[in-house]
Amino acid sequence: MLRFGGLFLALPLLAIMCPLDAVQAQQTADAGVITIESDLQSADNSTGVITASGNVRLVHAGRGLVATSRQAQYFMEEDRIVLSGDVDVIQADGNQLRADRFTYLLDEGRAIASPVPGQQVFSQWSLTPSQPALDPAPEANPVTP
């Protein structure tokens with residue numbers, strides 16, 4: 001979990017005190033959880049930066065997102081995650097992105113992807129129309145008297 005301090009300690013108490021059943025409470029608690037696996041992780045309390053490096057795998061189950069990179073940094077003060085080095089982001093709905101650097105501003109729900117200089121960012125999106133597709137022009141039906 002990336003958010004340390006009071007939130008980390010308050011979640012178990014919140015689950016006990018809320019009238020939700022156990023499954024709903026767990027789903028609510030897990031919605032904001034981000035899990036990071038890597039070769040090395042360190043936290044610097046003076047700067048508020050958590051760094052994971054080497055074979056980084058970030059999972060945000062609440063958003064159906066899995067990302068891999070060489071390094072990930074979480075900046076507590078800005079509530080910002082920066083993935084860098086061969087970044088691949090894949091969402092459960094099939095959306096994907098490849099970049100050299102991917103910055104996610106958690107408070108704003110905004111992401112910025114940057115390529116290696118001289119290259120491009122790649123993204124692929126599965127768009128679902130908000131309205132049904134229009135039928136092709138109807139065939140002319142002759143009117144019989």
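Reader: In which strand is Thr51 placed?

Author: This is a predicted model, in which local features need pLDDT of at least 70, side-chain atom pairs count only at pLDDT 80 or more, and totals for chains, interfaces and linings use all residues. Residues are numbered from 1 along each chain as its sequence is written, and side-chain values use heavy atoms, with hydrogens and water left out. Helices (H or I, at least four residues) and strands (E, at least two) are DSSP runs, numbered from the N terminus. On this basis, the place of Thr51 is in strand 3.

Reader: Does Thr51 count as buried or exposed?

Author: Buried means under 20% relative accessible area and exposed over 50%, with partly exposed in between (1.4 Å probe, protein chains only). Thr51 has a relative accessibility of 18%, and therefore counts as buried.

Reader: With which side chain does the side chain of Thr51 make a polar contact?

Author: Contact means heavy atoms within 4.5 Å. Leaving aside neighbours within four places in sequence, Thr51 is in contact with Leu40, Gln41, Ser42, Gln71, Ala72 and Gln73. A polar contact is a pair of N or O atoms within 3.5 Å; within protein, one must be able to donate a hydrogen and the other to accept it, and residues adjacent in sequence count only if both atoms are side-chain atoms. At 3.1 Å, the partner of the Thr51 side chain is that of Gln73.

Reader: What separates the C-alpha atoms of Ala43 and Tyr74?

Author: Ala43 is found in strand 2 (residues 40–44) and, at 55% relative accessibility, counts as exposed. Beyond four places in sequence, Ala43 is in contact with Val49 and Ile50. Ala43 and Tyr74 are 31 residues apart along the chain, and their C-alpha atoms are separated by 9.3 Å.

Reader: How many residues apart in sequence are the parts that Glu37 and Arg57 tie together?

Author: A salt bridge is a side-chain nitrogen of Lys or Arg within 4 Å of a carboxyl oxygen of Asp or Glu. Glu37 forms one with Arg57, the closest N and O atoms being 3.6 Å apart. Because Glu37 lies in strand 1 (residues 35–37) and Arg57 in strand 3, the parts tied together are apart by 20 residues.

Reader: Which residue forms a salt bridge with Asp86?

Author: The closest N and O atoms of this pair are 2.7 Å apart. Asp86 lies in strand 5 and its partner in strand 4, so the pair ties together parts that are 16 residues apart in sequence.

Reader: How many salt bridges does a search of the whole structure find?

Author: Among them is the pair of Glu78 and Arg80, with closest N and O atoms 3.4 Å apart. Glu78 is partly exposed at 43% relative accessibility, as is Arg80 at 21%. The number found in the whole structure is four.

Reader: How many residues does the largest nonpolar core have?

Author: A nonpolar core is a set of buried Ala, Val, Leu, Ile, Met, Phe, Trp, Tyr and Cys residues joined through side-chain atoms within 4.5 Å. In the largest, the residues with the most contacts inside it are Leu58, Ala67, Ile81, Leu83, Val89, Phe102 and Leu106. Strand 3 (49–60), strand 4 (65–75), strand 5 (80–91) and strand 6 (96–105) each supply at least two residues of this core.

Reader: What percentage of the residues in the protein chain is buried?

Author: The protein chain has two helices and eight strands, in the order α-α-β-β-β-β-β-β-β-β from the N terminus on. Of its 145 residues, the buried share is 23%.
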